[in-house]
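Here is a colleague's note for someone opening this entry for the first time. Please keep the sequence and the structure in view while reading.

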Amino acid sequence: MAFRLALIGFGGVNQGLVELLKAKQDMLQKAGLPVSITAVADLRLGLISNPQGIGLDALLDCAANGFSTDALQHEPGTTVQHEIDLQHTLALISADYVDVVVEATFTDPNSGEPALSHCRAALTHGKHVITTNKGPIALAQRSLAQLATEHGVQLKYEGAVMSGTPVLRQISTTLRGCDITGFAGILNGTSNYVLERLAQGHEFDAAVKEAQALGYAEANPAADLEGADVQLKVVILANTLWDAGLTRADVPCRGISGLTGSDIRAARTAGDNWKLVGSASRHADGTVSASVEPRQLPAGHSLHSVAGVSNAISFETDVLGNITISGPGAGRVETAFAILSDLIELAEQAQQQEACA
Ligand code: HSE
């Protein structure tokens, strides 16, 4: 099973994926999963395609040299088109030399666009979709999943929640058999990083700039600080867990900008920590309630000591009680790892289907 990938968006996450594919070539070969990148579309870069595969080194050179396509243009079979619009990208997505569309453009929490159009076009043309983009999944998870089923392909989005730290796949694999009745999590790396820096005595604006420089923040960091990013993740988790049909409007949301450094330091002196918590519960009558809000957590709480860019989620389960998963919540390569893990699962599923055919 070989996969030919189209990378839609060539920012930090998809660049991180190219680095990982290069570093993990041997492992991928051994796993029977040769992967090539046959197309890349990005507003800064244009549209690059080569049905035989674009060189990973040339792509990394391009990213390192301010999106200069010189190295790519010298590769036999590679074509470069600089000026592109949505229609060009949609045409590329439908090309017959693309099997999997990896959507990692910026998240628009309101419309989900243009990522939503990219995902719809891919699924409609029978391409598997792997995305780390929260917008399309939070806004249209049910209709996208239906489109995938109709066209016999897979929709995967492990990286939309807690970047490469496995959460969604735990729900669909190792936690099967448990009834999960609720969760509470620290689901945004940027705001958790900023809270930690404030506790250490740094200024709010400087801490946000650091998080941006480290590649954690959204294109508009207000989404991290005012809670919209966590709101999207709560929607995705609740809908994945319970097919709850939740929308952003169902999740009251308050971010961290109302907290002051002195509030945070006073809490820490008393042994507590302020955290931005996204949570949801399914009630006995089947209804789901959810919220995003800062909470002052006492020592001993499962989320109290989750520091910096780390994220964590605690699931309430019937059999096991509280299960907490913790790990990186943001970062280029960390998020790219989620794409790699989705690719490996996709390959295993395809191998199983072939074996049954
Ligand atoms: N801006 C997000 C965060 C990226 O800081 O958590 C991962 O979704």
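This is a predicted model: local features need pLDDT of at least 70, side-chain atom pairs count only at pLDDT 80 or more; totals for chains, interfaces and linings use all residues.

1. Helix H5 and helix H6. The crossing of H5 past H6 is right-handed. On the H5 side the contact is made by Leu 86, Thr 89, Leu 90 and Ile 93, and on the H6 side by Ser 117, His 118, Ala 121 and Ala 122. Sorted by class, the residues of this contact of H5 with H6 are five nonpolar and three polar, with no charged residue.

2. Helix H6 and helix H7. H6 also packs against H7, at an angle of about 10° and with the axes 10 Å apart. H6 is therefore roughly parallel to H7. From H6, the residues Ala 115, Leu 116, Cys 119, Arg 120, Leu 123 and Thr 124 take part, and they meet Pro 136, Ala 140, Ser 143, Leu 144, Leu 147 and Ala 148 of H7. The contact of H6 with H7 holds nine nonpolar, two polar and one charged residues.

3. Helix H7 and helix H12. Helix H7 (residues 134–150) and helix H12 (residues 228–242) cross at roughly 50°, and their axes come within 9 Å. H7 and H12 are therefore oblique to each other. Their crossing is left-handed. H7 contributes Lys 134, Ile 137, Ala 138 and Gln 141, while H12 contributes Asp 229, Leu 232, Lys 233, Val 235, Ile 236, Asn 239 and Thr 240. By class, the contact of H7 with H12 has five nonpolar, three polar and three charged residues.

4. The ligand. Which residues are around the ligand? They are Lys 134, Asn 188, Gly 189, Thr 190, Tyr 216, Ala 217, Glu 218, Asp 224, Asp 229, Lys 233, Gly 329 and Ala 330. Among them, Lys 134, Asp 229 and Lys 233 also belong to the contact between H7 and H12.

5. The side chain of Lys 134 has an N or O atom 2.9 Å from an oxygen atom of the ligand. For the side chain of Lys 233, the distance from an N or O atom to a ligand oxygen atom is 2.9 Å. The side chain of Asn 188 places an N or O atom 3.4 Å from an oxygen atom of the ligand.

6. Backbone exceptions. Most residues other than glycine have a negative phi, and most peptide bonds are trans. Glu 113 and Pro 114 are joined by a cis peptide bond, with omega about 0°. Pro 114 sits in the loop between strand S5 (100–103) and H6. Phe 67 is not a glycine but has a positive phi of about 65°; this residue is in the loop between helix H3 (56–64) and helix H4 (70–73). Ser 163 also has a positive phi, near 40°, and is found in the loop between strand S7 (155–156) and helix H8 (168–172).

7. Asp 99. This residue is in the loop between H5 and S5. Leaving aside residues up to four places away in sequence, Asp 99 touches Ala 2, Phe 3, Arg 4, Lys 127 and His 128. Val 319 is 220 residues from Asp 99 along the chain, and their C-alpha atoms are separated by 40 Å.

Terms used. Residues are numbered from 1 along each chain as its sequence is written. Side-chain values use heavy atoms; hydrogens and water are left out. A crossing is left-handed if the near helix is turned anticlockwise from the far one by less than a right angle, and right-handed if clockwise. Helices (H or I, at least four residues) and strands (E, at least two) are DSSP runs, numbered from the N terminus. Contact means heavy atoms within 4.5 Å. Ala, Val, Leu, Ile, Met, Phe, Trp, Tyr, Cys and Pro count as nonpolar, Asp, Glu, Lys and Arg as charged, and the others, Gly among them, as polar. A residue is near a molecule or strand if one of its heavy atoms lies within 4 Å of it. A polar contact is a pair of N or O atoms within 3.5 Å; within protein, one must be able to donate a hydrogen and the other to accept it, and residues adjacent in sequence count only if both atoms are side-chain atoms. Axes are lines fitted to C-alpha atoms, for helices over the stretch in contact, and angles run from 0 to 180 degrees between N-to-C directions. Angles under 35 degrees count as roughly parallel, over 145 as roughly antiparallel, 65 to 115 as roughly perpendicular and the rest as oblique.
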